[in-house]
Amino acid sequence: MLKKTLLAAVALVAVAGAAAAEDLKEFRIGILGGENEADRLRNFQCMVDKLPAAIGVEKVALFPAADYDGVIQGLLGGTLDYAELGSAGYAKVYLADAKAVEPILTTVQTDGSMGYHSVMVARKDSGITKLGDMKGKKLGFADPDSTSGYLVPTVTLPEAIGAPVKEFFAETGFGGGHENLVLEVLKGTFDAGTTWASGVGEFKDGYTSGNLRKMVDKGILNMDDLVQLWESPLIPNGPIVVRSSMNDDMKTKFKNFMMGLPKSDPACFAAIQGGDYAGFAEVNVDFYKPIIDARKATIGG
């Protein structure tokens, strides 16, 4: 009995030590790849400035990954505390380790919806004006771990084109992220490519949010140069995730900070999210189960 009591005491000390260790000095943010690194760092600088006082840490460190998988592996390895993922990226983390991260929030579009779309775009001067014109052409995807840039088109395009993707298109490839993909379409590397957009607002503006809007706002894309060929069904907006092993007090402080951000600092909120959104809504794993199931069935993990 004494031995069991001592073991229990040791276990409690270990838990207490772990909790004490969770009095974080540095809060680590993972930033998805596929966009110019300097732009990503600039967009998240407001978090570096504001988060320490808001959640009680000494420092916030930014880790811009070269691609989606860089952030995913950081979350799985416990070396990142927070990241904003696409639905398929979160599904990959969940399928590898369901307890690694917790989805806590997602964005809400200006029309109140909690989703976005995969869109296929081509150069306007290419002569390609509709999806059927892409038969025998080269299609570019954004990233293997992108929801809108790969998973959803892979799942939903066959019905739209009436054939398997590999049979309809002459060739497919990856553009190295959403921004790079659109630039490669403009250069002619791909005849068309899939990226993400809110689907709310006007195409000529790049919609209200999404990759096209971010590129327009940065001055590197003129929507007059593109034509849209296809739009997917609504996709659940990707989650803000936090490391599951983070203590509850820190999670609460961080969540409260994020939920208040649209009003406390609209410019910071817009910079991080890349466009116009109404705010955040609370979510959990159930919101992403359809995407998790689709990824498991299609890609396998």
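The legends below describe close-up views of a predicted model. Local features need pLDDT of at least 70 and side-chain atom pairs count only at pLDDT 80 or more, while totals for chains, interfaces and linings use all residues. Residues are numbered from 1 along each chain as its sequence is written, and side-chain values use heavy atoms, with hydrogens and water left out.

**View 1. Phe141 and Tyr150 form an aromatic pair.** Rings of Phe, Tyr and Trp (its six-membered ring) pair if their centres lie within 6.5 Å; planes under 30 degrees apart count as stacked, over 60 as edge-to-face and the rest as tilted. The count by this rule is 13 aromatic pairs. In Phe141 and Tyr150 the ring centres are 5.1 Å apart and the planes stand at 75°, so this pair is edge-to-face. Phe141 is buried at 3% relative accessibility (buried means under 20% relative accessible area, exposed over 50%, partly exposed in between; 1.4 Å probe, protein chains only). Tyr150 is partly exposed at 22%.

**View 2. Tyr150 also pairs with Phe174.** This pair is edge-to-face, with 5.2 Å centre to centre and 65° between the planes. Tyr150 lies in helix 5 (residues 147-161) and Phe174 in strand 7 (residues 171-174), so the pair ties together parts 24 residues apart in sequence. Helices (H or I, at least four residues) and strands (E, at least two) are DSSP runs, numbered from the N terminus. Phe174 is partly exposed, at 40%.

**View 3. Ring pairs join four residues into a cluster.** The members are Tyr90, Tyr94, Phe287 and Tyr288.
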